[in-house]
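Hi,

Here is the structure I promised to pass on. Have a look at it first, and then read my notes below.

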Amino acid sequence: MTAEATAADAIARRIAQGRGLTLADIVIKGARVLDVVTATLFESDVAIAGDMIVGTFGEYEGREVIDGRGLTVVPGFIDTHLHIESSLLTPLEFDRCVLPHGVTTIIWDPHEIANVLGAEGIDYALRAAEATVMDIRVNLSSCVPASPLETSGAQLGVDDLMPFRARAKALGLAEFMNFPGVLNADPGCLAKLAAFQDGHIDGHAPLVRGKDLNGYLAAGIRTDHEATSYEEGLEKLRKGMTVLIRESSIAKDLHALWPLLTPETSAFVAFCTDDRNPVEIAAEGHLDHMIRWTIAQGVPAAHVYRAASWSGANAFGLRDRGLVAPGKRADLVLLSDYEDCRVHTVIAGGRVVTDALFAARAVPEPVGLDSMKAEPVTADELTLKGAGGPRPVIGVVPGKIVTDHLTLELTAEGGAVRPDLAQDALAVAVIARHGVNRNIGRGFVKGFELKAGAIASSVGHDSHNICVVGATAEDMALAANRVIALGGGFVVAAEGDVKAELALPVAGLMSLEPHEAVHDRLVALRAAAVALGCTLSEPFLQVAFLPLTVIPHLKISDFGMVDVNRFEVIAA
């Protein structure tokens with residue numbers, strides 16, 4: 001039988017089941033259903049044939065029947081922008097962790113693994129996406145490296161990306177982080193933008209406003225997840241962008257941006273998590289947390305669910321989903337509590353989500369197990385040499401990836417500038433780990449409140465060199481060297497001992513353990529950091545964002561301290 005005949009038979013089956021002439025494959029009986037078009041609820045059965053909804057507004061019989069009495073059916077949730085790597089889980093383990101929260105579609109930018117492994121990382125993302133139960137769509141990473149002010153593990157030009165465009169799960173061009181390159185018409189940026197004008201181009205424009213925003217949008221970019229204030233988000237909405245409200249483990253923008261979501265704007269606002277780890281997922285949830293919190297602020301529930309489903313589908317050109325309607329993909333969430341977004345059952349692509357469904361997946365081989373190429377470092381190598389006096393200091397803003405550019409008076413001893421715990425001025429260093437060079441950037445950071453010890457991480461956005469913060473150079477070296485020995489990971493060290501650790505051997509970014517085990521290790525790491533005086537709720541991701549040289553205002557890379565506003569390395 002030809003493929004055309006097989007497709008025709010499938011269509012004929014759907015037609016017959018939709019008309020009620022034959023039994024539907026699955027029927028949800030007697031549920032309350034959300035129509036996100038009219039923002040109303042109605043009583044109906046929902047009939048499913050294969051992976052498609054074929055019947056609503058009526059009664060149906062099916063081979064498999066789900067009792068929907070007391071439940072509300074809404075479209076599956078769409079996370080419109082995230083990096084699976086930042087969950088610290090492999091894609092299939094992320095699938096098992098997050099799909100039960102009702103997230104049936106995600107838009108993944110494998111930017112982190114691409115900056116470590118290049119094309120191999122994107123290939124891994126696309127292969128993994130074909131194996132998951134949830135529908136993962138992959139935006140091809142646009143900025144590898146993200147900036148010229150750090151050492152990346154790879155470089156991807158437009159010719160490197162184009163072979164991936166025809167892959168089944170490839171969607172478009174991922175967040176264009178190099179907004180200065182766009183605004184200054186950098187030839188490499190223009191080549192990528194030109195190649196993807198006929199598809200989706202994802203945005204990344206922190207604090208970009210006014211005529212600069214106009215220029216950025218003129219490049220064909222239509223979405224943004226970096227708005228951090230109502231005024232910034234409103235301007236972007238008024239200029240035609242779909243604003244992706246973000247609530248990650250670090251960048252908590254929901255409190256500032258939820259007033260943007262109104263009945264009038266809900267078709268142009270969507271949700272994303274960007275970077276969210278298993279501890280917060282277990283404690284609060286994923287998109288379900290954002291939905292229930294927003295509803296609790298008084299936003300009409302139907303419009304919140306619209307933003308969580310159809311709005312994202314429409315913004316990213318996924319026209320086959322986002323509605324509970326015939327002809328749409330059978331991605332459905334059955335809620336036991338509609339207002340409080342309590343998930344009872346999830347149906348993904350016409351399949352009821354169960355443990356058996358996860359067990360049947362084909363697991364792709366991990367990659368990047370040898371990506372840690374840094375050599376061990378000494379305490380002396382991590383020490384900033386120089387005289388005392390005013391020094392630039394990164395000011396951590398809790399709950400934000402934006403940092404302040406501070407200046408503090410620091411003292412020197414024996415030709416070395418020392419941390420000042422009384423001012424909460426800790427040492428910070430970034431160690432190049434891709435085997436390209438042996439760069440070490442040195443500086444100071446305020447906001448961790450450590451009284452002793454050090455925290456080290458191989459997750460260091462965006463190039464993922466090793467970043468370590470500490471009260472003493474000796475503990476910093478111990479923590480960094482343990483990260484190297486693990487092949488990547490998180491480490492807390494103090495007084496010459498490793499207090500807690502999590503190995504992340506997949507490209508130095510992801511664990512090979514189940515999400516439950518990663519959760520437990522993260523809890524132990526947080527406890528170890530708190531024991532050293534750390535007051536941040538998420539210290540490890542806060543460390544990871546210190547090298548993010550495309551987010552204002554002061555950052556650090558393996559080149560040294562970076563003034564992001566001037567986009568240049570400055571003296572530490």
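Which residue in β15 does L332 stand opposite? That would be I347. Keep in mind throughout that this is a predicted model.

β14 covers residues 332-337, and β15 covers residues 342-348. The two pair in the antiparallel sense, with five bridges. Together β14 and β15 make a hairpin that has four residues between its strands. If you click through the turn, stop at C341: its phi is positive, at about 45°.

Strand β5, residues 72-75, runs antiparallel to β14 and is joined to it by four bridges. In that pairing V74 has V333 as its bridge partner.

Next, a glycine I looked at in some detail. G487 lies in the loop that links α16 (473-486) to β25 (489-494). Is G487 buried or exposed? It counts as buried, because its relative accessibility is 14% and the cut-off for buried is under 20%. Setting aside neighbours within four places in sequence, G487 has contacts with M372, L504, P505 and G508. I also checked G487 against V564, which sits 77 residues away along the chain: their C-alpha atoms are 30 Å apart.

Now for the whole protein. There are 18 helices and 29 strands. The radius of gyration is 24 Å, close to the 25 Å that the globule rule gives for 572 residues, so the protein is as compact as a globular protein of that length. Along the principal axes, the C-alpha atoms fill a box of roughly 85 × 50 × 50 Å.

Of the 572 residues, 62% are buried. Taking contacts between residues at least 6 apart in sequence, 69% of them join residues at least 24 apart.

As for the surface, the protein exposes about 19,800 Å², and carbon and sulfur atoms supply 53% of that. On charges, I get 48 positive and 72 negative ones, and their mean positions are 3 Å apart.

If you want a place to start in the viewer, go to the β14 and β15 hairpin, and then move over to G487 in its loop.

Cheers

Terms used
Residues numbered from 1 in each chain as written. Predicted model: local features only at pLDDT ≥ 70, side-chain atom pairs only at ≥ 80, totals over all residues. Heavy atoms only, no water. Rg over C-alpha atoms; globule rule 2.2 N^0.38 Å. Buried < 20%, exposed > 50% of the residue type's maximum accessible area, 1.4 Å probe, protein only. Contact = heavy atoms within 4.5 Å. Areas by Shrake-Rupley, 256 points an atom, 1.4 Å probe, with all protein chains shown as cover. Lys, Arg positive; Asp, Glu negative; His and termini not counted. Charge placed at Lys NZ, Arg CZ, Asp CG, Glu CD. Pairing = 2+ DSSP bridges.
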